[in-house]
Amino acid sequence: MTDEKKPDRGQLRIDEQECKGCGLCIEACPPKVISLSERLNHYGYRTALYQGSGCTGCGICFMACPEPGAITVLRLMNRGAGSVSATGAVGGAAA
Amino acid sequence: MSNQSVAEYEVARSKAKSLYPRYERKEELQHQTHFCPGCGHGIVHKMVAQAIDELGVQDRTIMVGPVGCSVFTYYYFDTGNVQSAHGRAPAVATAIRRSRPESIVISYQGDGDLSAIGSAEILHAANRGENITVIFVNNAIYSMTGGQAAPTTLLGQKSTTTPNGRNAATEGYPLHVSELLSTLQAPAYIERVGLGDNKQIAQASRAIKRALDNQVRGLGFSLIEVLSPCPTIWKMTPVDSQHWVRDVMEKTFPLGVFCDRTKERLAAPAAQSVPAPALDELPGILGVAEEDLPEGNAAAMAKEQEIDLEVRIAGFGGQGVLLLGEMLAEAGLDAGLEVSWLPSYGPEMRSGTSNCHVRLSRQTIDSPLVTAPTVLVAMNEPSLRKFDRSVRSGGWIIYDGDEFPADCAREDVHVLALPFTRIADAMGDKRAANMVMLGAVLERSGVLPQASIDAALRRLIKNPRWVELDERALARGRELFKEALAEA
Amino acid sequence: MKKQLMKGNEAIVKSAILAGCRAFYGYPITPASEIAEAAAEFMPKTGGVYVQAESEVAAINMLYGGASAGVRVMTASSGPGISLMQEGISYMAGAELPCVIADITRAGPGLGNIGAEQGDYHQVVKGGGHGNYRTIVLAPHSVQEMADLTALAFELADCYRNPVVLMADGFIGQMMEPVEFPQSATPTHLPEWAVAGTAASRGNLINSLSLDFDELEKHIQKLEAKYKLAEQRETRAEEWMTGDAEIVLVGYGIVGRILKAVTAEARAAGLKVGVLRPITLYPFPKVQFQRLAFNARLFVVVEMSNGQMLEDVKLALNGSRPVEFLNRMGGNVPSHEEVLRFVQELARREGLEQKTPDRKTAEEERMANV
């Protein structure tokens, strides 16, 4: 986070409808950029919350998460490859 | 955020294509699984689906989910789905894979299911080397039913049915399925993995993909045992459960590859499957094609003669009792008659006494049971004594013995008693005694054309040496009967 | 048609293959083992699958798997093995999977013995497994019927998407009689509901689980509607000299054969006797019983069990005619002599006309022709 101009290597989207707040992603995340929300979702779970920056795109949280669709991991594209925008690539709620 | 908004990202990890986007087979909450928070099943589901995606076999895959928390695989997997009975998934998977060799069959089972009630099915599917992939989720407990002890429950572990902890003296020891199955020669690949930390999870994912790939390549039976957390029943937080897998469970169930024959299987040439024959070839293959059946000699039968021959043949196993009867029935059929042949069956066929019922008639045969024979062929004294009283008045007893027992003699029944076995022995083989006796029966009944008898002999006896001997034996039997009649 | 001599148990397998059966899963048991042996020989030669399972429990679940994949499947066993298969039969009925199960019965309960008996009637006809289901049950009485009813069993199984049991006693399985087969094999097609590991069948599901009470109730009602349809369309029975019968003898399987022999002798003695032989044990041929009740004075059920079919006969007649019962068990077969004596006794009691039995003359006549 020292170089403000350099974008994060990864991005994280957490579907709070699917998240059951088990916290395994928080435990798994190497840079520790996920936490539990204060707000409850409408099933009464505190859900995982991406802090908004610092994701390395490693995907470990994705593998540790017991809900198959709760987490989507995005990675910064290499120059020249086909692209999607970070905000429009995946439907659902972005953190 | 402003800096990142110009950067461009691609999806690196997201829900597998092989899982439904929405779980419409669920009653409610169709956007999430039925698993409790922190349950390992969801993780394993994800790994399996990802492997299916990566190997490109979604259309070919059939998930078999039995009973337990694994029961709802069909909610989630966008593949073919077969829900099966408790513990029976390997048997179900066996049959699917055998009949549909292009399919990829995954048996997804829990530890109660696989290691207790389904222990026979998994052992034998593994031992047959079925080309299926088994995912064995071991959480050391019966979760779906509320926390009863499983064969995999750890020593000292409390459950609702081991309230003081599992005690080896009364409940035995945790069952090591992977080690046990690895003693077999057939399995291709068996590995135990865990979900205890990031490293274990990454290895579990690789192992599952490998196990599926083995099936795609036709290498044989693969099983991945996954040590998996059950926070609800263990009464721990999801994170503590995860650590318990690594710190406690793994001590009882060490991780690792227990069996790997994939290299040698890859080197071995795959067995070529024989193509199924065309439908019109089947009657011939089954031996029921009409063009292969003999014409028979019904024309040689005397038309006017009524026939109702009811024969009981009795002796010891190995004396050719059943063959004698079969010859008679075959000859009758060849001559265009209605026939039936009924053996006494079972262990009697292999030892002790043996007998059979034979009927030949022009009419439809009502009962194939011969309770009052017109001819009794008794190949020894015990057999004679068993049936002598049942012979119909005016009937015949043909008996193999030097002397007919005086107390068996009946005024209303004819007897031909000769040492048939000795006679056959003198002709070349005492085992032909049954044919000498049959010759006597045929001479007595006198209705079957010789051509039918020859045809029956050739149909039932393949060895030319025996055909020749039996022909002589039959002729000798006829002579003996005629001689006896002349003497009387 | 040319016939050949064959055992009933072998005829089942050849007929099954001609009817499109391409998988056999079984476990050895006397007196059904010849079926597995013949399947082991002929299935691989005809493009089919044969596996000797580790138990009857596994065998029936292999049928579940094979049927799920859209293959015509069969197994064969006897009483103790059928008991073990009941779990899978219930699952198959629940999941609406077709299969054919040959039950070559033996004597029970428990290990019993290997003699022929009909004590499996309750467990196959009434459904020995759990839940609301029925199995169609066919009862052959000759080797030819072993072949013909096996082919019919596969048609019915597919038509109703339900297990069909071919219930034959050890005699019918073990005996040899002349038999003829169709000269062309039935082509089979992949049912649209099958889970076959193809793109087209990917969305299919074979399942007997239904958490919602109303949904399960609806499913059971759907099964019931199928069974009602089968009751209307599929009942089969053979009538033998029933036209003027005052006494109707009732028996299936080998007993049916014995009753025909009894009828011949009873008729010779002047008694108006006929035979009603149920061929479908479920659905039970109630209508035939009701029709014969118009002329008949009484019905005589002869069974090799403790009266398991007797109950269905009484239900069918619903008190309209008296039902008498003669049985043998434990592997014993009622001889036609003892049935004849029983019938003559009843005729005397009922005051039915009959000639003085003249057995000796009849026998002499018979012997003269041998």
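Between chain B and chain A, 16 residue pairs are in polar contact, both residues at pLDDT 80 or more; a polar contact is a pair of N or O atoms within 3.5 Å, where within protein one must be able to donate a hydrogen and the other to accept it, and residues adjacent in sequence count only if both atoms are side-chain atoms. The salt-bridge count between chain B and chain A is zero, with a salt bridge being a side-chain nitrogen of Lys or Arg within 4 Å of a carboxyl oxygen of Asp or Glu.

A quick word on the ground rules: this is a predicted model, local features need pLDDT of at least 70, side-chain atom pairs count only at pLDDT 80 or more, and totals for chains, interfaces and linings use all residues. Residues are numbered from 1 along each chain as its sequence is written, chains are lettered from A and ligands numbered from 1 in the order in which they are written, and side-chain values use heavy atoms, with hydrogens and water left out.

**Chain B against chain A**

On the chain B side, strand 1 (8–13), helix 1 (40–55), helix 8 (198–216) and helix 10 (238–252) each supply at least two of the residues that touch chain A; helices (H or I, at least four residues) and strands (E, at least two) are DSSP runs, numbered from the N terminus. Strand 1 of chain B gives the largest share of that side, six residues. This strand runs antiparallel to strand 4 (residues 71–76) of chain A, and four bridges join the two; strands pair if DSSP finds at least two bridges between them.

**Inside chain C**

Chain C is assigned domain 1 (4–233) and domain 2 (238–368), bounds that come from an automatic or database domain assignment. Their C-alpha centres lie 30 Å apart. Three salt bridges are counted between domain 1 and domain 2 of chain C. Elsewhere in the list of pairs, the side chains of C:Asp312 and C:Lys126 form a salt bridge at 2.6 Å, N to O.

**The two interfaces**

Contact means heavy atoms within 4.5 Å, and buried area is the accessible area (1.4 Å probe) that two parts lose on being put together, summed over both.

| Interface | Residues in contact | Buried area | On carbon and sulfur |
|---|---|---|---|
| Chain B / chain A | 36 of chain B, 41 of chain A | about 3,400 Å² | 59% |
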